[in-house]
Amino acid sequence: MSKTRVVVTGLGVCAPNGVGIDAFTEALMQGKSGIRFFSELEKLKFSCQIGGMPLISETIKSNYFTPLQLRNFNSAGILYGVVAGVEAWQDAGLPIDEETCDFDSGTIFGVGSLGVDKYRESIYKIDEGNTRRLGSTSVQQTMSSGVSAYLGGMLGLGNLVTSNSAACTTGTEAILMAYERIKYGKAKRMLAGSSSDGGPYVWGGFDALRILPSKFNDQPTQASRPMAADAAGFVPGCGAGALMLESLESAQERGATIYAEILGGSSNSGGQRNEGSMTAPNPIAVRRCIEDAVSDAEIEASAIEVINGHLTATTKDGLEIENWSKALGRSGVDFPYINSLKGMTGHCLAASGSIESVASVLELKQQFLFPNVNLNEVHPEILEHISESRIPKKKTPLAFNYLAKASFGFGDVNCCLIFKSF
């Protein structure tokens, strides 16, 4: 079977440090944080009272939803996903036909927790005996496929319209699945991305696990410190990212702007064996995922110039660097440049892979590296494997062609993508 080349023709993002590609790009270049203090978390006696959440005005909402759609609407994850997804579609220069279904275009838009606030609202009404007051949209606002269903109707998508869910790997996995659908000729265009709710009812479980920083409530932008010696845990976040994927032939026929090409990728699970667990990665599986992605892209490991890591500011950052080093067979100054977006956004959970992939594509297109913020001293475990010169602490212009993006999630699941400049 012939393999179609797949390119990225549109981007959309709804991130804590920037809603919309222009604002997000500026934030990347400036190293701008979107992490802030939430008084609600303080009232609820959270240890960690900070987080990363997109700031969306009523004006922005009205650009994407009708007044009727916004009536009784209370699902942040769907809001984030629609904003990012529609922006990516429009950024690709694709039309919205109100009459015709586009059978060549579809979406895989993943979620983690979705409609949590709507669920809470519904539970109260049900417990009070007011079931009939739930409204006509409570189901669609809480079903796992809510984002893809909304986007399918808004854009008239007639190909595969579905949602995946793989914890923190969700977004990267969605892009890989969409890439493979186009690669094997089952679609011409796929909108790929992921979205995650935020707030106390999503972040509470992580606070209970004591893996969030508790000593930065008065200085939120300083809290998220991937790869740092003084990293104190990940800051929770939320939002959505979206990439418009398209066959090279379709993109060229339309004269579309091409941001980058996807050369290949891989996903797997460590089976919660060999040090892997529900919350920790199996190093053997992580390395194999990276190795298989490089092989699928039909390049040598030596070709990778930049890595956009998962790197969450937890004790596992050192292990991730070790896994990259062993999988690529590279260390010291020979190691690729590496950065983590989570210093600016926090860990956006199911949305992290897609938001970080948007950042990766922007780096490739505009030939720069965004800075690793809050990184005053690199963790000594990391310096055992790579040179500090490979960890940019400020915006760095760089001419490069190959970037690897990976995500690793709860359940011991992994996904890695290989992007190339076009």
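The model discussed here is predicted.

**Helix 9 and helix 15**

Helix 9 spans residues 170-183, and helix 15 spans residues 352-366. The two pack at an angle of about 65°. Their axes lie 5 Å apart. Helix 9 and helix 15 are therefore roughly perpendicular to each other. On the helix 9 side, Gly-171, Thr-172 and Ile-175 make the contact. Helix 15 contributes Gly-353, Ser-354 and Ser-357. By class, this contact of helix 9 with helix 15 has five polar residues and one nonpolar residue. Charged residues are absent from it.

Strand 1 covers residues 6-15. Is this strand mostly covered or mostly open? Strand 1 is mostly covered, with ten of its ten residues buried. Its pairings are listed below.

| Partner of strand 1 | Residues | Bridges | Direction |
|---|---|---|---|
| Strand 8 | residues 239-247 | eight bridges | antiparallel |
| Strand 9 | residues 260-269 | three bridges | antiparallel |
| Strand 2 | residues 18-19 | two bridges | antiparallel |

Single residue pairs place these pairings in the sequence. Val-13 stands opposite Gly-241 in strand 8. Ala-15 has Gly-18 of strand 2 as its bridge partner. A hairpin through two residues joins strand 1 to strand 2.

Technical notes: Residues numbered from 1 in each chain as written. Predicted model: local features only at pLDDT ≥ 70, side-chain atom pairs only at ≥ 80, totals over all residues. Heavy atoms only, no water. Axes fitted to C-alpha atoms, helices over the stretch in contact; angles between N-to-C directions. Helix = DSSP H or I, 4+ residues; strand = E, 2+ residues; numbered from the N terminus. Parallel < 35°, antiparallel > 145°, perpendicular 65-115°, else oblique. Contact = heavy atoms within 4.5 Å. Nonpolar A, V, L, I, M, F, W, Y, C, P; charged D, E, K, R; others polar. Buried < 20%, exposed > 50% of the residue type's maximum accessible area, 1.4 Å probe, protein only. Pairing = 2+ DSSP bridges.
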